[in-house]
Amino acid sequence: MLKVDSIERGIVIDHIAAGKAMKIYKYLNLDEANFTVAMIKNVCSKKLGKKDIIKIENVLDIDLDVLGFIDHNITINIIENDKIVDKLNLQLPNEVSNVVKCNNPRCITSIEQGIEQKFRLVNRQEKLYRCIYCDQAYDPNKQDL
Amino acid sequence: MLKGRHLIDPMDFTIDELNSIFDLADEIIANPISYADICKGKLLATCFYEPSTRTRLSFEAAMLRLGGQVLGFSSAESSSAAKGESVKDTILTIASYADICAMRHPKEGAPKVASLNSPIPVINAGDGGHQHPTQTLTDLLTIRSLKGRLSNFTVGLCGDLKFGRTVHSLIKALSRYEGIRFVLISPEELKVPQYIREELLSNEHVEMTEIEKLEDVIGELDILYMTRVQKERFFNEADYVRLKDSYILDKEKMTMAKEDLSVLHPLPRVNEISVDIDKDPRAAYFSQARYGMYVRMALIMKLLGV
């Protein structure tokens, strides 16, 4: 069995839906990181069957807001001295930029390059986001991240 | 304070801000001479990426009646968009020449993109099937002028309630006032979208009824807002034949209506309102076009801060 060491200090992003870790790696700009990052795919999980995990060593100040938009089932553990010192509840961010594209063919973003793709939370209870330009609802069932 | 602001969505302004525009429009109507030079030296750019005679002329008439001047283009072919220029670059250029811009664009959200990059006020003059906020302002001023209020009445919206952007915006805007009862009159295929229905049902200030035939409810209405029903919107010919006359307002139906009904229509009208009733004092659609110019005059003044 593959063994990935625990981290002494840092962030563990747990309960990522299997196969989504790479996307999160990208949205958090971890490909540009100069610190240690471990990405583990298809780990056995009682809750999800299979899950992905990302471990980030020695860094605590990453903007994790976008994760609430991507998957609110994700859990965040803050590690200090080999122990979990905090578990963060993900909040839905009020706005997300350049995470998903508007799929409305009549939207100005469909023809003009360089416009920031921006969605705004319009109903927190229903987790409903709309394109700020054309009001098209983001549908997680139809639009892959 | 509306100076320097943009108008992109009909809900961008609060009720108080809308009232300040309508109050000013009333003053302009009462005393147009006092405002004939108030925008002297100011330039309105009309950036129309698709043809729209009515709205463009309304904006131009509004600015000219305020003593300002107008420049612009009336189709994408006659603008730099034909060369591939972005909306952002266009507005930054236009802003070097003009003091305020009215933009119509076939793509939804284009005026919003302009507003996010513009140092001058941008007015959405229609973006595809999305929003047309100055039509909503026109409708509200018309109702306020004819009824003396924007609350406590029964308003019937008739025809194509599914694709009609003016109807969606008017429903949202009127939902903010007290005591509004909406009667939505349309064939099954052209009912209001589900999200609008849900918004109305969850709003405790408003009542809503959906019905198929105009003749069944016309007697209850204080305002009737007509829109055009296009044959190609129906799924089958039989339904079109069965229902088409229900969405045509004629003399016979008007005999069933209240004496003080006001009939509105965003225009252009095709055959959904019989020309026979144009002289009926309850037909308000041409006055509505005039109110549209006055409300644009007031809006331009407020956004310019003159």
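What area is buried between domain 1 of chain A and domain 2 of chain A, and what percentage of it do carbon and sulfur atoms give?

Modeller: The area buried there is about 480 Å², and carbon and sulfur atoms give 84% of it. Buried area is the accessible area, with a 1.4 Å probe, that two parts lose on being put together, summed over both. Three residues supply 86% of what domain 1 of chain A buries against domain 2 of chain A: Tyr27(A), Phe69(A) and His72(A).

First, the ground rules. This is a predicted model, in which local features need pLDDT of at least 70 and side-chain atom pairs count only at pLDDT 80 or more, while totals for chains, interfaces and linings use all residues; side-chain values use heavy atoms, with hydrogens and water left out. Residues are numbered from 1 along each chain as its sequence is written, and chains are lettered from A and ligands numbered from 1 in the order in which they are written.

Back to chain A. Domain 1 covers 10-88 and domain 2 covers 95-131; such bounds come from an automatic or database domain assignment. Between them, 5 residues of domain 1 of chain A touch 6 residues of domain 2 of chain A. Contact means heavy atoms within 4.5 Å. Over C-alpha atoms, the centres of these two domains of chain A are 25 Å apart.

Chain A has 2 helices and 8 strands. These elements are DSSP runs numbered from the N terminus: H or I of at least four residues for helices, E of at least two for strands. The order along the sequence of chain A is β-α-β-β-α-β-β-β-β-β. Along the principal axes, the C-alpha atoms of chain A fill a box of roughly 50 × 35 × 25 Å. Asp82(A) is not a glycine, yet has a positive phi of about 70°. Asp82(A) sits in the loop between β4 (75-80) and β5 (83-88) of chain A.

Now the helix packing in chain B. Axes are lines fitted to C-alpha atoms, for helices over the stretch in contact, and angles run from 0 to 180 degrees between N-to-C directions. Helices α5 (residues 133-147) and α6 (residues 165-174) of chain B have axes that come within 9 Å and cross at roughly 55°. They are therefore oblique to each other. Angles under 35 degrees count as roughly parallel, over 145 as roughly antiparallel, 65 to 115 as roughly perpendicular, and the rest as oblique. α5(B) and α6(B) cross with right-handed sense: a crossing is right-handed if the near helix is turned clockwise from the far one by less than a right angle, left-handed if anticlockwise. Among the residues that meet are Leu140(B) and Ile143(B) of α5(B), with Leu170(B) and Leu174(B) of α6(B). By class, this contact of α5(B) with α6(B) has 5 nonpolar, 4 polar and 1 charged residues. Nonpolar here covers Ala, Val, Leu, Ile, Met, Phe, Trp, Tyr, Cys and Pro; Asp, Glu, Lys and Arg are charged; the others, Gly among them, are polar.

α6(B) also packs against helix α7 (residues 194-201) of chain B, at about 15° with axes 11 Å apart. α6(B) is therefore roughly parallel to α7(B). This crossing of α6(B) and α7(B) is left-handed. His168(B), Ile171(B) and Lys172(B) of α6(B) make the contact with Tyr195(B), Ile196(B), Glu199(B) and Leu200(B) of α7(B).

Finally, a peptide bond. Leu267(B) and Pro268(B) are joined in cis, with omega about 10°. Pro268(B) lies in the loop between β9 (262-264) and α10 (285-304) of chain B.
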